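Subject: structure handover

Hi,

Here is the structure I promised to pass on. Have a look at it first, then read my notes below.

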Amino acid sequence: MEELISNLKVQLVEALNLEDVTPEEIDADAPLFGSEGLGLDSIDALEIIILLEKNYGLHISDPKGDKSIFYSVRSLAEYITANQK
């Protein structure tokens with residue numbers, strides 16, 4: 001799980017062009033959206049969905065219904081672990 005979390009941090013920095021953030025600075029349990037944590041927005045959410053589909057073969061049919069998936073890097077990793085084929 002920790003290796004997946006590390007990989008996700010790198011992928012998020014690259015996919016979202018987070019110029020002022022390094023993967024090491026991202027707290028795996030911090031919120032990805034809102035004023036805390038990374039402060040991502042809905043455009044970033046779409047980029048994360050594309051990242052999950054492209055890199056992990058996952059399809060998220062209802063992102064609004066599955067908001068808990070996107071809470072933190074750890075929640076993304078847990079979703080990948082539980083759903084990756």
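Serine 72 sits in the loop between helix 2 and helix 3 (helices are DSSP runs of H or I with at least four residues, strands are E runs of at least two, and both are numbered from the N terminus). With a relative accessible area of 5%, serine 72 counts as buried; buried means under 20%, exposed over 50%, and partly exposed in between, using a 1.4 Å probe and protein chains only. Serine 72 also caps the N-terminal end of helix 3, with a side-chain oxygen 3.4 Å from the backbone nitrogen of arginine 74. A polar atom of the serine 72 side chain lies 3.3 Å from the backbone oxygen of alanine 28. For polar contacts the rule is a pair of N or O atoms within 3.5 Å; within protein, one must be able to donate a hydrogen and the other to accept it, and residues adjacent in sequence count only if both atoms are side-chain atoms. Leaving out residues up to four places away in sequence, serine 72 touches Ala28, Asp29, Ala30 and Leu32, where contact means heavy atoms within 4.5 Å.

Before you go further: this is a predicted model, in which local features need pLDDT of at least 70 and side-chain atom pairs count only at pLDDT 80 or more, while totals for chains, interfaces and linings use all residues. Residues are numbered from 1 along each chain as its sequence is written, and side-chain values use heavy atoms, with hydrogens and water left out.

Now the overall picture. The chain has 3 helices and 0 strands, running α-α-α from the N terminus on. Its C-alpha trace spans about 35 × 25 × 20 Å along the principal axes. Why does a radius of gyration of 12 Å agree with a compact globule? Because a compact globule of 85 residues would have a value near 12 Å; the radius is taken over C-alpha atoms, and the globule rule is 2.2 Å times the number of residues to the power 0.38. Buried residues make up 40% of the 85 residues. Of the contacts between residues at least 6 apart in sequence, 53% join residues at least 24 apart. The chain exposes about 5300 Å², with carbon and sulfur atoms supplying 48% of that (Shrake-Rupley method, 1.4 Å probe; for residues, only the protein chains shown count as cover).

On to the core. The largest nonpolar core has 25 residues, and those with the most contacts inside it are Leu8, Ile48, Leu52, Tyr56, Phe70 and Leu76. Helix 1, helix 2 and helix 3 each supply at least two residues of this core. A nonpolar core here is a set of buried Ala, Val, Leu, Ile, Met, Phe, Trp, Tyr and Cys residues joined through side-chain atoms within 4.5 Å. Beyond its neighbours within four places in sequence, tyrosine 56 is in contact with Leu4, Asn7, Leu8, Gln11, Leu51, Ile80 and Gln84.

Helix by helix, then. The buried residues of helix 1 are Leu4, Ile5, Leu8, Lys9, Gln11, Leu12 and Val13, and they pack against helix 2 and helix 3. In helix 3 (residues 73-83), the buried set is Val73, Ser75, Leu76, Ala77, Tyr79 and Ile80, and their cover includes helix 1 (2-15) and helix 2 (42-56). Aspartate 44 lies in helix 2 and counts as buried at 16% relative accessibility. The aspartate 44 side chain reaches the backbone nitrogen of aspartate 41 at 3.0 Å.

Finally, the loops. Just after helix 1, asparagine 17 takes a positive phi of about 50°. Most residues other than glycine have a negative phi. Asparagine 17 is exposed, with a relative accessible area of 57%. Leucine 38, in the loop between helix 1 and helix 2, is partly exposed at 24% and touches Leu18, Val21, Ile26, Pro31 and Leu32, not counting residues up to four places away in sequence. Lysine 67, in the loop between helix 2 and helix 3, is exposed at 61%.

Cheers
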